[in-house]
Amino acid sequence: MEYRAALPSSLFLSVRARLAAVLAGLMASACTAVFFQPHRVQVLTPDKLGLAYQEVSFKTRDGLKLIGWFLPAQGPALGTVLQLHGNAENISTHFTSLAWMPARGFNVFTFDYRGYGGSEGKPTLEGVQRDVDAAVQTLRSRGDIDKDRIVMYGQSLGGALAAYYVAHTPRRGDIRALVIESTFSGYRDIAREKLASFWLTWPLQVPLAWTIEDDYSPVDAIGRVSPIPVLIIHGDQDRTVPVEHGRRLYEAAKSPKEFWLVPGGGHIAAMGRPEFRERFVAYLGSVLSPQPRKTGPP
(Lines give C-alpha, C1' and ligand atoms only; values in the text may rest on other atoms or scores of the structure.)
Protein backbone atom coordinates (compact mmCIF):
# COMPACT_ATOMS: atom_id res chain seq x y z
CA MET A 1 0.00 0.00 0.00
CA GLU A 2 2.84 2.41 0.80
CA TYR A 3 4.49 1.65 -2.53
CA ARG A 4 1.26 2.27 -4.38
CA ALA A 5 0.70 5.63 -2.62
CA ALA A 6 4.23 6.73 -3.52
CA LEU A 7 3.42 6.49 -7.23
CA PRO A 8 1.48 9.14 -9.10
CA SER A 9 -2.01 7.76 -9.65
CA SER A 10 -1.77 8.15 -13.42
CA LEU A 11 1.50 6.24 -13.48
CA PHE A 12 0.10 3.44 -11.31
CA LEU A 13 -2.94 3.08 -13.53
CA SER A 14 -0.72 3.03 -16.59
CA VAL A 15 1.51 0.32 -15.12
CA ARG A 16 -1.53 -1.73 -14.07
CA ALA A 17 -3.10 -1.36 -17.51
CA ARG A 18 0.11 -2.43 -19.21
CA LEU A 19 0.55 -5.44 -16.95
CA ALA A 20 -3.08 -6.44 -17.39
CA ALA A 21 -2.71 -6.14 -21.15
CA VAL A 22 0.38 -8.33 -21.07
CA LEU A 23 -1.43 -10.92 -18.94
CA ALA A 24 -4.43 -10.87 -21.25
CA GLY A 25 -2.19 -11.32 -24.26
CA LEU A 26 -0.37 -14.20 -22.66
CA MET A 27 -3.59 -15.90 -21.65
CA ALA A 28 -5.14 -15.49 -25.08
CA SER A 29 -2.07 -16.61 -27.01
CA ALA A 30 -1.06 -19.45 -24.72
CA CYS A 31 -4.65 -20.49 -23.99
CA THR A 32 -4.53 -23.97 -22.45
CA ALA A 33 -0.71 -24.01 -22.61
CA VAL A 34 -0.92 -22.31 -19.21
CA PHE A 35 -1.88 -25.73 -17.84
CA PHE A 36 1.28 -27.45 -19.06
CA GLN A 37 4.61 -26.85 -17.30
CA PRO A 38 6.89 -29.59 -18.64
CA HIS A 39 10.43 -30.27 -17.45
CA ARG A 40 13.00 -32.20 -19.46
CA VAL A 41 15.40 -33.01 -16.61
CA GLN A 42 15.18 -36.51 -15.13
CA VAL A 43 15.25 -36.27 -11.34
CA LEU A 44 14.82 -39.87 -10.18
CA THR A 45 14.44 -43.34 -11.68
CA PRO A 46 12.74 -46.35 -10.08
CA ASP A 47 15.97 -48.31 -9.70
CA LYS A 48 17.20 -45.66 -7.26
CA LEU A 49 14.36 -46.83 -5.00
CA GLY A 50 15.22 -50.50 -5.54
CA LEU A 51 12.42 -51.04 -8.07
CA ALA A 52 12.64 -52.99 -11.30
CA TYR A 53 11.40 -51.10 -14.36
CA GLN A 54 11.47 -51.06 -18.13
CA GLU A 55 11.72 -47.92 -20.23
CA VAL A 56 9.12 -48.08 -22.99
CA SER A 57 9.05 -45.90 -26.11
CA PHE A 58 5.94 -45.75 -28.26
CA LYS A 59 4.40 -43.63 -31.00
CA THR A 60 1.23 -41.54 -31.10
CA ARG A 61 -1.01 -41.60 -34.13
CA ASP A 62 0.43 -38.23 -35.21
CA GLY A 63 3.94 -39.69 -35.17
CA LEU A 64 5.49 -38.45 -31.91
CA LYS A 65 7.68 -40.68 -29.78
CA LEU A 66 6.70 -40.83 -26.12
CA ILE A 67 8.62 -42.31 -23.20
CA GLY A 68 7.10 -44.34 -20.37
CA TRP A 69 8.15 -46.63 -17.53
CA PHE A 70 6.64 -50.02 -16.76
CA LEU A 71 7.09 -51.13 -13.14
CA PRO A 72 6.19 -54.84 -12.88
CA ALA A 73 4.36 -56.26 -9.90
CA GLN A 74 6.42 -58.20 -7.40
CA GLY A 75 4.90 -61.64 -7.75
CA PRO A 76 1.71 -62.51 -9.67
CA ALA A 77 0.05 -59.30 -10.84
CA LEU A 78 -3.39 -58.49 -9.49
CA GLY A 79 -3.90 -55.77 -12.09
CA THR A 80 -2.26 -52.81 -13.82
CA VAL A 81 -2.53 -49.12 -12.92
CA LEU A 82 -2.03 -46.61 -15.73
CA GLN A 83 -0.88 -43.33 -14.17
CA LEU A 84 -1.59 -39.93 -15.74
CA HIS A 85 0.52 -37.38 -13.89
CA GLY A 86 0.00 -33.70 -13.09
CA ASN A 87 0.83 -30.59 -15.08
CA ALA A 88 4.42 -29.88 -13.94
CA GLU A 89 7.78 -31.67 -14.10
CA ASN A 90 7.67 -35.24 -15.52
CA ILE A 91 7.37 -38.92 -14.57
CA SER A 92 10.67 -38.84 -12.68
CA THR A 93 9.00 -36.87 -9.88
CA HIS A 94 5.45 -38.20 -10.17
CA PHE A 95 5.96 -41.97 -10.20
CA THR A 96 6.88 -41.98 -6.51
CA SER A 97 3.24 -41.54 -5.43
CA LEU A 98 2.49 -45.04 -6.80
CA ALA A 99 5.95 -46.60 -6.36
CA TRP A 100 4.62 -48.69 -3.45
CA MET A 101 2.14 -50.54 -5.66
CA PRO A 102 4.43 -53.19 -7.24
CA ALA A 103 5.11 -54.53 -3.74
CA ARG A 104 1.36 -54.90 -3.28
CA GLY A 105 0.99 -56.92 -6.48
CA PHE A 106 0.15 -54.27 -9.09
CA ASN A 107 1.93 -53.30 -12.30
CA VAL A 108 2.30 -49.55 -12.76
CA PHE A 109 2.65 -47.92 -16.18
CA THR A 110 3.46 -44.22 -16.21
CA PHE A 111 4.43 -42.08 -19.18
CA ASP A 112 5.29 -38.53 -20.15
CA TYR A 113 2.94 -36.49 -22.31
CA ARG A 114 4.34 -34.83 -25.40
CA GLY A 115 6.90 -32.20 -24.45
CA TYR A 116 7.57 -33.72 -21.02
CA GLY A 117 10.75 -35.57 -20.04
CA GLY A 118 12.07 -37.50 -23.03
CA SER A 119 8.82 -37.35 -25.02
CA GLU A 120 8.77 -35.41 -28.29
CA GLY A 121 6.51 -32.51 -29.25
CA LYS A 122 4.69 -29.74 -27.43
CA PRO A 123 1.66 -30.32 -25.22
CA THR A 124 -1.88 -29.31 -26.16
CA LEU A 125 -5.16 -30.62 -24.79
CA GLU A 126 -6.02 -32.28 -28.09
CA GLY A 127 -2.53 -33.72 -28.50
CA VAL A 128 -2.36 -35.10 -24.98
CA GLN A 129 -5.60 -37.00 -25.59
CA ARG A 130 -3.73 -38.75 -28.42
CA ASP A 131 -0.93 -39.49 -25.97
CA VAL A 132 -3.32 -41.13 -23.51
CA ASP A 133 -4.79 -43.23 -26.32
CA ALA A 134 -1.32 -44.33 -27.44
CA ALA A 135 -0.46 -45.30 -23.85
CA VAL A 136 -3.61 -47.42 -23.54
CA GLN A 137 -2.84 -49.18 -26.83
CA THR A 138 0.77 -49.74 -25.80
CA LEU A 139 -0.28 -51.23 -22.49
CA ARG A 140 -2.80 -53.53 -24.13
CA SER A 141 -0.20 -54.73 -26.63
CA ARG A 142 1.95 -56.18 -23.86
CA GLY A 143 1.89 -59.94 -23.43
CA ASP A 144 2.74 -59.83 -19.72
CA ILE A 145 -0.41 -58.18 -18.34
CA ASP A 146 -4.05 -59.11 -17.96
CA LYS A 147 -5.71 -56.77 -20.45
CA ASP A 148 -9.01 -57.03 -18.61
CA ARG A 149 -7.59 -55.64 -15.36
CA ILE A 150 -6.48 -52.07 -16.19
CA VAL A 151 -7.33 -49.11 -13.96
CA MET A 152 -6.65 -45.51 -15.01
CA TYR A 153 -5.38 -43.22 -12.23
CA GLY A 154 -5.19 -39.51 -13.04
CA GLN A 155 -3.73 -36.96 -10.65
CA SER A 156 -4.59 -33.24 -10.81
CA LEU A 157 -4.40 -32.32 -14.53
CA GLY A 158 -3.98 -36.04 -15.24
CA GLY A 159 -7.39 -36.64 -13.66
CA ALA A 160 -8.99 -34.10 -15.99
CA LEU A 161 -7.32 -35.77 -18.97
CA ALA A 162 -8.35 -39.23 -17.78
CA ALA A 163 -12.01 -38.30 -17.20
CA TYR A 164 -12.37 -36.83 -20.68
CA TYR A 165 -10.57 -39.75 -22.30
CA VAL A 166 -12.57 -42.50 -20.63
CA ALA A 167 -15.83 -40.68 -21.35
CA HIS A 168 -15.15 -40.31 -25.08
CA THR A 169 -12.83 -43.09 -26.24
CA PRO A 170 -14.12 -46.06 -28.21
CA ARG A 171 -11.62 -48.04 -26.08
CA ARG A 172 -13.59 -47.36 -22.89
CA GLY A 173 -14.16 -51.10 -22.54
CA ASP A 174 -10.42 -51.46 -21.89
CA ILE A 175 -10.68 -49.57 -18.57
CA ARG A 176 -12.13 -51.31 -15.50
CA ALA A 177 -12.19 -48.20 -13.26
CA LEU A 178 -11.37 -44.50 -13.35
CA VAL A 179 -9.63 -42.97 -10.34
CA ILE A 180 -8.99 -39.23 -10.16
CA GLU A 181 -7.21 -37.41 -7.36
CA SER A 182 -7.03 -33.65 -6.65
CA THR A 183 -8.66 -32.88 -10.00
CA PHE A 184 -10.23 -29.58 -10.98
CA SER A 185 -13.75 -29.58 -12.38
CA GLY A 186 -13.09 -27.31 -15.36
CA TYR A 187 -10.27 -25.46 -17.07
CA ARG A 188 -12.09 -22.13 -16.96
CA ASP A 189 -13.17 -22.70 -13.35
CA ILE A 190 -9.66 -23.18 -12.05
CA ALA A 191 -8.23 -20.40 -14.23
CA ARG A 192 -10.83 -17.96 -12.91
CA GLU A 193 -10.01 -18.92 -9.32
CA LYS A 194 -6.28 -18.44 -9.84
CA LEU A 195 -6.84 -15.07 -11.51
CA ALA A 196 -9.11 -14.01 -8.65
CA SER A 197 -6.38 -14.82 -6.11
CA PHE A 198 -4.07 -12.06 -7.42
CA TRP A 199 -5.06 -8.44 -6.92
CA LEU A 200 -3.79 -7.38 -10.36
CA THR A 201 -5.87 -9.91 -12.28
CA TRP A 202 -8.88 -10.02 -9.95
CA PRO A 203 -10.88 -7.46 -12.02
CA LEU A 204 -10.14 -9.43 -15.18
CA GLN A 205 -10.86 -12.92 -13.89
CA VAL A 206 -13.99 -13.44 -15.99
CA PRO A 207 -12.84 -12.08 -19.37
CA LEU A 208 -9.43 -13.72 -19.09
CA ALA A 209 -10.90 -17.05 -18.02
CA TRP A 210 -13.06 -17.03 -21.14
CA THR A 211 -9.90 -17.15 -23.25
CA ILE A 212 -9.30 -20.66 -21.85
CA GLU A 213 -10.47 -23.61 -23.91
CA ASP A 214 -13.08 -25.53 -21.90
CA ASP A 215 -14.17 -28.23 -24.33
CA TYR A 216 -12.15 -30.89 -22.51
CA SER A 217 -13.35 -30.08 -18.98
CA PRO A 218 -13.98 -33.16 -16.82
CA VAL A 219 -17.20 -31.91 -15.22
CA ASP A 220 -18.91 -32.05 -18.61
CA ALA A 221 -17.50 -35.49 -19.40
CA ILE A 222 -17.55 -37.49 -16.19
CA GLY A 223 -21.27 -38.25 -16.36
CA ARG A 224 -20.57 -40.30 -19.51
CA VAL A 225 -18.07 -42.63 -17.80
CA SER A 226 -20.79 -44.84 -16.23
CA PRO A 227 -21.13 -47.83 -15.95
CA ILE A 228 -17.34 -47.80 -15.44
CA PRO A 229 -16.75 -47.24 -11.69
CA VAL A 230 -15.44 -43.79 -10.72
CA LEU A 231 -13.44 -43.02 -7.58
CA ILE A 232 -12.78 -39.36 -6.73
CA ILE A 233 -10.17 -38.57 -4.05
CA HIS A 234 -9.58 -35.08 -2.69
CA GLY A 235 -7.88 -33.48 0.32
CA ASP A 236 -9.99 -31.10 2.34
CA GLN A 237 -6.98 -28.78 2.72
CA ASP A 238 -5.95 -28.76 -0.94
CA ARG A 239 -4.82 -25.20 -1.67
CA THR A 240 -3.93 -25.92 -5.29
CA VAL A 241 -7.30 -27.35 -6.32
CA PRO A 242 -9.90 -26.69 -3.60
CA VAL A 243 -12.04 -29.63 -2.48
CA GLU A 244 -15.17 -28.02 -3.99
CA HIS A 245 -13.88 -29.15 -7.39
CA GLY A 246 -13.87 -32.79 -6.26
CA ARG A 247 -17.38 -32.47 -4.88
CA ARG A 248 -18.56 -30.89 -8.14
CA LEU A 249 -17.13 -33.80 -10.09
CA TYR A 250 -18.75 -36.31 -7.76
CA GLU A 251 -22.15 -34.67 -8.22
CA ALA A 252 -21.73 -34.76 -12.00
CA ALA A 253 -20.66 -38.42 -12.07
CA LYS A 254 -23.15 -41.27 -12.26
CA SER A 255 -23.15 -44.53 -10.35
CA PRO A 256 -21.16 -46.52 -9.54
CA LYS A 257 -19.12 -43.78 -7.89
CA GLU A 258 -17.27 -43.06 -4.64
CA PHE A 259 -15.86 -39.92 -3.05
CA TRP A 260 -12.97 -40.17 -0.57
CA LEU A 261 -12.23 -37.09 1.48
CA VAL A 262 -8.67 -36.93 2.83
CA PRO A 263 -8.84 -35.16 6.23
CA GLY A 264 -6.12 -32.53 6.48
CA GLY A 265 -4.88 -33.61 3.06
CA GLY A 266 -3.23 -31.27 0.62
CA HIS A 267 -2.71 -31.67 -3.13
CA ILE A 268 -2.21 -35.30 -4.26
CA ALA A 269 -1.67 -36.42 -0.67
CA ALA A 270 -3.79 -39.56 -0.23
CA MET A 271 -1.29 -42.23 -1.25
CA GLY A 272 1.28 -40.88 1.17
CA ARG A 273 -0.90 -42.26 3.98
CA PRO A 274 -0.85 -45.98 4.86
CA GLU A 275 -4.58 -46.05 5.63
CA PHE A 276 -5.45 -44.77 2.16
CA ARG A 277 -3.06 -47.22 0.52
CA GLU A 278 -4.82 -50.08 2.27
CA ARG A 279 -8.20 -48.69 1.33
CA PHE A 280 -7.11 -48.30 -2.29
CA VAL A 281 -5.83 -51.88 -2.52
CA ALA A 282 -9.18 -53.08 -1.19
CA TYR A 283 -11.01 -50.90 -3.71
CA LEU A 284 -8.98 -52.31 -6.58
CA GLY A 285 -9.77 -55.80 -5.38
CA SER A 286 -13.47 -55.03 -5.58
CA VAL A 287 -13.50 -53.37 -9.02
CA LEU A 288 -11.14 -55.95 -10.53
CA SER A 289 -13.00 -58.97 -9.21
CA PRO A 290 -14.20 -61.34 -11.94
CA GLN A 291 -17.39 -60.10 -13.56
CA PRO A 292 -20.24 -62.61 -13.84
CA ARG A 293 -20.85 -63.90 -17.35
CA LYS A 294 -24.14 -63.08 -18.98
CA THR A 295 -26.10 -66.20 -19.80
CA GLY A 296 -28.89 -64.55 -21.72
CA PRO A 297 -30.22 -61.28 -23.04
CA PRO A 298 -30.14 -58.37 -20.58
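Is Arg171 buried, partly exposed or exposed, and what is its relative accessible area? Arg171 comes out as partly exposed, at 29% relative accessible area. Bear in mind for every view here that the model is predicted.

**View A. Asp133 and Arg171 pair up in a salt bridge.** Look for the N-to-O contact of 2.7 Å between these two side chains. Asp133 sits in helix 4, while Arg171 belongs to the loop between helix 5 (157–168) and strand 8 (177–181), so this link between distant parts of the chain covers 38 residues. The Asp133 end is buried, with 8% relative accessible area, whereas the Arg171 end is partly exposed.

**View B. Arg114 meets Asp131 in a salt bridge.** Here the N-to-O distance is 2.8 Å. Arg114 comes from the loop between strand 6 and helix 4 (125–140) and Asp131 from helix 4 itself, so the contact ties together parts 17 residues apart in sequence. Both Arg114 and Asp131 are buried.

**View C. Arg114 and Asp131 belong to a salt-bridge network.** Shared partners join Asp62, Arg114, Glu126, Arg130 and Asp131 into one network.

**View D. Glu278 reaches Arg104 through a salt bridge.** The closest N and O atoms of this pair are 2.6 Å apart. Glu278 is in helix 10 (residues 274–287), and Arg104 is in the loop between helix 3 (91–94) and strand 6 (106–111).

Technical notes. Residues are numbered from 1 along each chain as its sequence is written. This is a predicted model: local features need pLDDT of at least 70, side-chain atom pairs count only at pLDDT 80 or more; totals for chains, interfaces and linings use all residues. Side-chain values use heavy atoms; hydrogens and water are left out. A salt bridge is a side-chain nitrogen of Lys or Arg within 4 Å of a carboxyl oxygen of Asp or Glu. Helices (H or I, at least four residues) and strands (E, at least two) are DSSP runs, numbered from the N terminus. Buried means under 20% relative accessible area, exposed over 50%, partly exposed in between (1.4 Å probe, protein chains only).
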